[in-house]
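This report examines a single protein chain through its side-chain contacts and its packing. Please consult the sequence and the coordinates shown below alongside the text.

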Amino acid sequence: CERIMHSVCEEFSIDFHGCLQAILYEDLEELNQAEYEHYINLYEKCKAYINTNKSNWFHDFTGIFYGNEKVFFDKCHVIEKGNRIIAQNMMPFVLESYNKRKGKL
């Protein structure tokens, strides 16, 4: 989905930044084996894509909550504190894009 959103934005000269968001792995353990393997496999594919392509638009945020695991209210959604952490980590990329386009808006 991230690659599709990036492609559409690129077609219309719109900067796009996506992230591979952190998840609460403990909650994944409640899934059956097939679902668990599906999630883990998907994450590994995304991480490999990010690392292989040295993407400047798709960012690995899987580690941003280490030490702040209490930000989750389910396996992948976060409370306000988690949203602030995501925003703080995304802001440098957004500012970089903005500064590159300054005067081109």
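## Basis of the report

The structure is a predicted model. Every value in this report is therefore computed from predicted coordinates.

## Aromatic pairs

A pair of aromatic rings is described by the distance of the centres and the angle of the planes. Across the whole structure, the search returns 6 aromatic pairs. One of them joins Phe16 and Trp57 in a tilted arrangement, with ring centres 5.9 Å apart and an angle of 50° between the planes. This pair connects distant parts of the chain: Phe16 belongs to the loop between helix 1 (2–11) and strand 1 (18–21), while Trp57 belongs to the loop between helix 3 (33–53) and strand 2 (58–61), and the two residues are 41 residues apart. Phe16 and Trp57 are both buried.

Trp57 also pairs with Phe58, and here the rings are stacked, at 5.3 Å centre to centre with 15° between the planes. The angle of 15° explains the label, because planes under 30 degrees apart count as stacked. Phe58 is buried, as is Trp57. Together with Tyr49, the residues Phe16, Trp57 and Phe58 make up one aromatic cluster.

Side chains of opposite charge can pair when their charged atoms come close. In one of them Asp15 is paired with Arg101, and the closest N and O atoms are 2.8 Å apart. Distant parts of the chain are linked by this pair, since Asp15 sits in the loop between helix 1 and strand 1 and Arg101 in helix 4 (residues 80–101), 86 residues apart. Asp15 is classed as partly exposed because its relative accessibility is 36%. Arg101, at 25% relative accessibility, is likewise partly exposed.

Helix 4 also holds the pair Glu80 and Arg84, whose side chains form a salt bridge with an N to O distance of 3.9 Å. Glu80 and Arg84 are about one helical turn apart because 4 residues separate them in helix 4. Arg84 has a relative accessibility of 45% and so counts as partly exposed. A further salt bridge joins Lys100 and Glu96 at 3.5 Å, N to O. These two residues lie in helix 4 as well, with a spacing of 4 residues, or about one turn of the helix. Lys100 is exposed at 55% relative accessible area, whereas Glu96 is partly exposed at 41% relative accessibility.

In soluble globular proteins, nonpolar side chains tend to be buried together. Here the largest nonpolar core has 12 residues, among them Cys19, Leu24, Phe61, Phe65, Val78, Ile86 and Met90. Helix 4 makes the greatest contribution to this core, supplying 3 residues. Another core, of 8 residues, lies apart from the largest one and includes Leu20, Ile23, Ile50 and Phe58.

Val78, a member of the largest core, is in contact with Gln21, Phe65, Val71, Phe72, Phe73, Asn83 and Ile86 when its neighbours within four places in sequence are left aside.

## A nonpolar surface patch

Ile4, Val8, Phe12 and Ile14 make a nonpolar surface patch of about 430 Å². Ile4 is located in helix 1. Its relative accessible area of 58% is the reason why Ile4 counts as exposed.

## Individual residues

His59 is placed in strand 2 and is buried, at 7% relative accessibility. Not counting residues up to four places away in sequence, His59 touches His17, Gly18, Cys19, Leu20, Ile50, Met90 and Phe93.

Most residues other than glycine have a negative phi, and most peptide bonds are trans. Ser13, by contrast, has a positive phi, near 55°. Ser13 is situated in the loop between helix 1 and strand 1.

Lys75 lies in the loop between strand 2 and helix 4 and is partly exposed, with a relative accessible area of 26%. The C-alpha atoms of Lys75 and Leu24 are 4.7 Å apart in space, although the two residues are 51 residues apart in sequence.

How values were computed
Residues numbered from 1 in each chain as written. Predicted model: local features only at pLDDT ≥ 70, side-chain atom pairs only at ≥ 80, totals over all residues. Heavy atoms only, no water. Phe/Tyr/Trp six-rings, centres within 6.5 Å; stacked < 30°, edge-to-face > 60°. Buried < 20%, exposed > 50% of the residue type's maximum accessible area, 1.4 Å probe, protein only. Salt bridge = Lys/Arg side-chain N within 4 Å of Asp/Glu carboxyl O. Patch = residues over 30% accessible without salt bridge, like charges linked within 9 Å, V, L, I, M, F, W, Y side chains within 5 Å. Areas by Shrake-Rupley, 256 points an atom, 1.4 Å probe, with all protein chains shown as cover. Core = buried A, V, L, I, M, F, W, Y, C linked by side-chain atoms within 4.5 Å. Contact = heavy atoms within 4.5 Å.
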